[in-house]
Every structure is written in structure tokens, then in C-alpha cells.
Protein chains: 2
Amino acid sequence: MTRAVRAVRKKELPEPGLDLGVLPTLLGYHVRRAQVAIWRDFVRSVARGRIRPGLFSVLVLAEANPGIAQFELARQLAIDKASVVALIDKLERARLITRRRSTVDRRRHGLFVSPYGTRQLKLLMRDIARHEQRFRDRLTAPELQQLIKLLKRLYD
Amino acid sequence: MTRAVRAVRKKELPEPGLDLGVLPTLLGYHVRRAQVAIWRDFVRSVARGRIRPGLFSVLVLAEANPGIAQFELARQLAIDKASVVALIDKLERARLITRRRSTVDRRRHGLFVSPYGTRQLKLLMRDIARHEQRFRDRLTAPELQQLIKLLKRLYD
DNA sequence: TATTGTTATACTCTATAACTATA
DNA sequence: TATAGTTATAGAGTATAACAATA
């Protein structure tokens, strides 16, 4: 490409400094970008990408609430109960969780983290801690508290 | 169900007050929940769900940067150039955007918002403003500025 | 009748690889 | 050789509808 053409292109086509228009004035834009940044770091650094944030949440909730029913998980994650089935299938195939039919209400399949799952969760938490730290390092302690407080305000 | 059974279930199965375990200590958890809340409100309230946040971003970027190339869009949105094609296809079918081959570099398809697209974007902005306002109402002006500043810190 | 879990199906958003046309 | 756009294909993640088992 000639020098003249390069000059023309500079005029005709927008280059490095892109105009973001109205986007930076929108709260949703910034929340989205922060979420994407954190999501990618999570996938890159936790369990070699084999456990995504969704599966991790399920594992934590099942560990904290032994015997939790799938529809309760669905409600907490704000997804349909049908969508939970695939998540649990995956965790069960990985031997991290077991379904046990409730003797009290036989429609329910209580979820229990296996001993192996508990051990794996402990290992996972080490990756998570490092992942978290990378973002906390960008904030002071009061800033972190303030940020969480304001985010809660958006979804509570 | 008998009264006795209800009592047993209360012991055996976790109910309303779910234990969230370690989740509330994680920054990513709160960012994710805020993002989901904003996303859902966007889909519910903007263009009757026919324009999602992704398409909206593309439209705004094309309007602010007439002739922008698809690979530049891809870089800005941090997605693959192949993924941009489907987005542009959709916007072109909706007559909001046109591809025009660059005369300078014939590999590039410059993107231009159509006059109709510009009008639609203006209408869209009214929905967006109301959507934004619903979340801004939960914060004071200084809190909003602080929140944006801290979110930027996470992805910059 | 209502609830819990499941299957079947489909849609959105994204990625990778291989291709074309241009540079 | 490298770049811009495209196609084909696949994999998450989600939804809806219909169903079986159970309450």
C-alpha cells in the first residue's frame, strides 16, 4: 500500500481511537465490561476452564445447603428448573455431586456434594482466591466495600 | 401433606433462607448479579426485546464511527470477527445498517447506519434512558460516579 | 390439581477452522 | 504472506412445552 493511500485511509476509516458514542454514559455498559473481564479471568484461571462460574455456584450452594432441591437452586440462580438439570448432570458425571431421592417427598432429588467434591471444592477455592485477588488488588479495602454495597443496590 | 411431614421437611430440606456460602464474599458474584438484573431489564423494556445489548452497542458504534470496519468492531467488543458477521447480518436485514465496500481497501466493508437506523436509534434511546433511570434511581449522583469509576478500574 | 424433575427442542451468543478476495 | 470478511460447525447457557411421578 502506498503512502498516499495510507493517508487517505486515515481520513476515510476510523482508526485506533474509536468513538464510543453514548456507551460510556451508560451504567449497564460498565457493569457488562467489568463482568466480562472477571468472567474471562475466571475461565482462564480456575480449574483450567473446566468449572465455569455457573457450575461453581451450584457446587457452593449444594455444599452450603446439603439436600437442596433442584427447583430451589433454579430459583436462587434465577434460571428455569429445566436448565438446572444439565448443570447437575455435568456435576454428577464429574462425581462432584450426587442426587438422592428424598424419603419425605419422593418428588425431590436432594443434592449432596460428594466427599471427593468437597475436596475438589477446596482446591477450587485456591484458584478462586487468586482470581479474586487480581481484582481486589485494583481497589482499596474501603473501595471494595463501597463497590459491593452499590452493586447490591442494583440487584436487591 | 401432614403437619408432621412438614415439620420433618423443615429439618431435612433447606428452605427460604438459603445459605449462599462463600458467594457473597466474591466480587464476581455481585458484578454478575448486577449485570443479570440490568440485562433482563434491558430486554424487557428496550424495543420489546428485539434489540439486545449486543446489537445496541454495534448500532451506537457504527453511528459514532461511520465506515467502521467489522474487525474494528470485533476488537472493541472483544469478540471474534466471525461473530460480528451474524450481528451485522441481523442489523442489515432490519435495514438499520448497510455494508459498503471501501474503495480504498476493497477487503473492508465499511458500516453505515441508514437514515432509518438513525431514526430508530433515537427512538431506542428513549427506552434506554428510562431503563438507565430505573437503576440510577437507586443511587445518588456521587454514588453513580463512584460506581462507574470503580467498575472501570476492574476492566481497564 | 399442583409440584418436582425430566426430555425434547430451539434460540442467543460465542469460538475455531477453513475458505475467498484482496493487499 | 497477511488481512478482512465469510461460511460451516460446535459448544455454552438459557427458555418453553409436554410429560411422568408424586403430593
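## Area buried between the chains

Buried area is the accessible area, taken with a 1.4 Å probe, that two parts lose on being put together, summed over both. In this predicted model, chain B and chain A bury about 6400 Å² between them, and 64% of that lies on carbon and sulfur atoms. On the side of chain B, Leu27(B), Leu154(B) and Tyr155(B) lose the most area to chain A, together 10% of what that side buries.

## Relation of the two copies

When the copies are superposed by least squares on the C-alpha atoms of residues with pLDDT of at least 70 in both, chain B can be laid on chain A with an RMSD of 0.0 Å by a turn of 180° and a shift of 0.0 Å along the axis. That is the relation of a two-fold axis.

The contact (heavy atoms within 4.5 Å) takes 67 residues from chain B and 67 residues from chain A. Of the interface residues of chain B, 100% are also interface residues in chain A, so the copies meet through the same surface.

With a salt bridge taken as a side-chain nitrogen of Lys or Arg within 4 Å of a carboxyl oxygen of Asp or Glu, the rule finds 2 salt bridges across the interface of chain B and chain A. In one of them, Glu143(B) pairs with Arg153(A), and the closest N and O atoms are 3.0 Å apart.

## Basis of the values

Residues are numbered from 1 along each chain as its sequence is written, and chains are lettered from A in the order in which they are written. Local features need pLDDT of at least 70, side-chain atom pairs count only at pLDDT 80 or more, and totals for chains, interfaces and linings use all residues, while side-chain values use heavy atoms, with hydrogens and water left out.
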